[in-house]
Amino acid sequence: MSMNKAIHAAFRRDLDRFLSALGRFTDGDARRAEELGRAWDNFDFQLTKHHEGEHEIAWPALARVGVTQQTIDQMDAEHEVMAERLAAARGAMTALRAAPTAANAQTAATAMGELKTVTEEHLDHEEREIEPVYLAKQDDPVVKEMGKKFARVGPKEGGEFFAWMLDGGDPAAHATLKGEVPGPVLTILKNVFGRGYTKNVAPVWR
């Protein structure tokens, strides 16, 4: 699979985790609400950055290798729907963090379920339309340059991204990531610069 599809696997994993955790939430559990809030902050950041990056970096590159403007417009329209559901889930998770009640957990679970529906519909559509292009054009200079642009982040952001990607989930996605990043580099980024995720977010799901 492409790196893009591997990232999608991490989004699917986290949405399932949130729905499971919110379904088991105990009324008044402020500690659990705070834990889920930290996990949400990371998820919100990763999903927002990914789709903003697609609009700014991926779509122009993909247009140059043959993806139609109609397809790109469809993807952007789906992003707008996702952004609306993401904002609703963000508000619900903020409310749960402030007042950790069973009712707020149920509201958050409903918002998360709606976000999961539209997100997975978009990810499925994108993989049908775009994944074959990524695989067929992986050696094209345009696609290689696109990958370099996505990789231009600081070590802390990169480390936490890789720690998040490798936190459970799809073994095939892990294999893709490890095939893209040299082992020693990945280890340093994850274990040194990704300690914020490892310390503050990963334990939420244990």
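In which element is the place of Ala 6? Ala 6 has its place in helix 1; helices (H or I, at least four residues) and strands (E, at least two) are DSSP runs, numbered from the N terminus. The model is a predicted one, in which local features need pLDDT of at least 70 and side-chain atom pairs count only at pLDDT 80 or more, while totals for chains, interfaces and linings use all residues. Residues are numbered from 1 along each chain as its sequence is written, and side-chain values use heavy atoms, with hydrogens and water left out.

Ala 6 counts as buried because its relative accessible area is 1%. Buried means under 20% relative accessible area, exposed over 50%, and partly exposed in between (1.4 Å probe, protein chains only). Not counting residues up to four places away in sequence, Ala 6 touches Met 1, Met 165, Ala 173 and Thr 176. Contact here means heavy atoms within 4.5 Å. Ala 6 and Phe 193 lie 187 residues apart in sequence and 21 Å apart in space, C-alpha to C-alpha.

On a 1 Å grid over the protein atoms alone, a cavity is a set of points where a 1.4 Å probe fits but cannot get out; a pocket is an open set with protein on both sides within 12 Å along at least five of seven lines; lining residues have an atom within 4 Å of a point. Grid points are joined across faces, edges and corners, and a volume is the space filled by probe spheres set on the points. The structure holds one cavity of 30 Å³ or more. The largest cavity has a volume of about 30 Å³. Helix 1 gives the most, with four residues. By type, the lining divides into five nonpolar, three polar and two charged residues. In this division, Ala, Val, Leu, Ile, Met, Phe, Trp, Tyr, Cys and Pro count as nonpolar, Asp, Glu, Lys and Arg as charged, and the others, Gly among them, as polar.

The largest pocket has a volume of about 1200 Å³. It is lined by 37 residues, of which Met 3, Ile 7, Gly 147, Phe 150 and Ala 151 are the closest to its centre. Two or more lining residues come from each of helix 1, helix 2, helix 5 (131-136), helix 6 (141-150), helix 7 and helix 8. The lining divides into 18 nonpolar, 10 polar and nine charged residues.

The second largest pocket has a volume of about 240 Å³. Among its lining residues are His 51, Glu 52, His 55, Asp 76, His 79 and Glu 80. Helix 2 and helix 3 are the elements that give two or more residues to this lining. Helix 3 gives the most, with seven. Here the division is four nonpolar, four polar and four charged.

Helix 3 has 30 residues. From first C-alpha to last it reaches 43 Å, close to the 44 Å expected at 1.5 Å a residue; the expected span is 1.5 Å times one less than the number of residues. Buried residues of helix 3 include Thr 71, Ile 72, Met 75, Asp 76, His 79 and Met 82. Their cover includes helix 1, helix 2 and helix 4. Asp 73 is also found in helix 3. Asp 73 counts as partly exposed because its relative accessibility is 42%. Asp 73 and Ala 6 are 67 residues apart in sequence and 23 Å apart in space, C-alpha to C-alpha.

A nonpolar core is a set of buried Ala, Val, Leu, Ile, Met, Phe, Trp, Tyr and Cys residues joined through side-chain atoms within 4.5 Å. The largest has 46 residues, and Trp 40 and Trp 205 touch the most other members. Elements giving two or more residues to this core include helix 1 (3-23), helix 2 (30-64) and helix 3 (69-98). Helix 1 gives the most, with nine residues. A second, separate core of 15 residues includes Trp 59, Ile 72, Met 75 and Val 142.

Leaving aside neighbours within four places in sequence, Trp 205 is in contact with residues including Arg 17, Phe 18, Leu 36 and Asp 167. Arg 17 is found in helix 1. Arg 17 counts as buried because its relative accessibility is 18%.
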